[in-house]
Amino acid sequence: MERAEITEIVQRAGDLVAEHYVFADVGARVRDLLSDRAGDGAYGALVDAPALAGVVTEDLQSLNGDLHLRLRHHPEPLPEQWDEEADRAERARDAARSLDGVARIDRLDGNVVHLALAPQLFPVQLAGATLSLALQLVARADALVLDLRENRGGDPRTVALVCGYLLDEEAHLVTMHQRDTGETVQSWSPAYVPGPRFGATKPLYVLVGPTTFSGAEELTYDLQQLRPGTTVVGERTRGGAHPCEAYRLHPHLELTVPVARAISAATGTNWEGTGITPDVPVPAADALPTAYRLALAALDALAAR
């Protein structure tokens, strides 16, 4: 990459962050940081797009650690204009290849069910029917282990749908505060879902780890805060609560800028930068057997009453 091209990419990244980042004061500071770093020659020795993406991302995240704020390298060329129809088709292919994000359903001894949702919570218009069927299938379990250890996030409306099957009635989950428009948008779990619910009274264990991010964190946080009898098991999550917009800066470089923040109706705050703290901290690899043992013990205790 030529020095002039790098300078243009870095300058545009700084301007977009200053204009759109969810916290205006931080966005202005990020722009100034990138400008200062460019002036000091920090990017001049970089010769390819992957290297530039890595160094700029480190700088973008250096002020407040926002993991959604990044310059992403794409091996395949990005289209010059965003094609909504092509994007929708690609999402549909990704969803179809992963059974709409329903990675695994296992019935374990003791009528404990393990439901893994990965690699993401696909848009509800794509995955809603499959997720609804999966959640109806597990509704008769005596205890449920919801595995989000390999879930990178996804659609807040899908989060709301899953919560609908794990709560007994509609609940206010989060409010999204948009910087650019000043609008606030509330997210609620649905009052009605097709078929039976697992509900809010039986033991629920949510498995998390270092890969759990964004919308998967919201799902965990909502259940941890709003549903008694929910136990989070595993490792602390990554801590991303800011929805993003994406901007093409180069045929192989995409800037993602958080433009809103999610505020929990239950706590008045969120998981940004802190992640979700498990109720039972164990290595992510040990989370399933740990949760299963806890589920069997809980069911034994209930049976003894």
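Helices α1 and α2 run roughly antiparallel to each other (an angle over 145 degrees). This is a predicted model: local features need pLDDT of at least 70, side-chain atom pairs count only at pLDDT 80 or more, and totals for chains, interfaces and linings use all residues. Residues are numbered from 1 along each chain as its sequence is written, and side-chain values use heavy atoms, without hydrogens and water.

**The helix pair**

The axes of α1 (residues 3-20) and α2 (residues 24-39) cross at roughly 165 degrees and come within 7 Å. The crossing of α1 past α2 is left-handed. Contact here means heavy atoms within 4.5 Å. From α1 come Val10, Ala13, Gly14, Asp15, Val17 and Ala18; from α2 come Gly27, Ala28, Val30, Arg31, Leu34 and Ala38. By class, this contact has 8 nonpolar, 2 polar and 2 charged residues.

**The aromatic pairs**

A search of the whole structure finds 2 aromatic pairs (ring centres within 6.5 Å). Planes under 30 degrees apart count as stacked, over 60 as edge-to-face and the rest as tilted.

| Pair | Centres | Planes | Type |
|---|---|---|---|
| tyrosine 21 and phenylalanine 23 | 6.1 Å | 70 degrees | edge-to-face |
| tyrosine 221 and tryptophan 271 | 5.3 Å | 45 degrees | tilted |

Tyrosine 221 sits in helix α7 (residues 215-226), and tryptophan 271 in the loop between β11 (260-264) and β12 (280-281), so their pair ties together parts that are 50 residues apart in sequence. Both tyrosine 221 and tryptophan 271 are buried (under 20% relative accessible area). Tyrosine 21 is also buried, at 0%.

Notes:
Axes fitted to C-alpha atoms, helices over the stretch in contact; angles between N-to-C directions. Helix = DSSP H or I, 4+ residues; strand = E, 2+ residues; numbered from the N terminus. Parallel < 35°, antiparallel > 145°, perpendicular 65-115°, else oblique. Left-handed = near helix turned anticlockwise from the far one by under 90°. Nonpolar A, V, L, I, M, F, W, Y, C, P; charged D, E, K, R; others polar. Phe/Tyr/Trp six-rings, centres within 6.5 Å; stacked < 30°, edge-to-face > 60°. Buried < 20%, exposed > 50% of the residue type's maximum accessible area, 1.4 Å probe, protein only.
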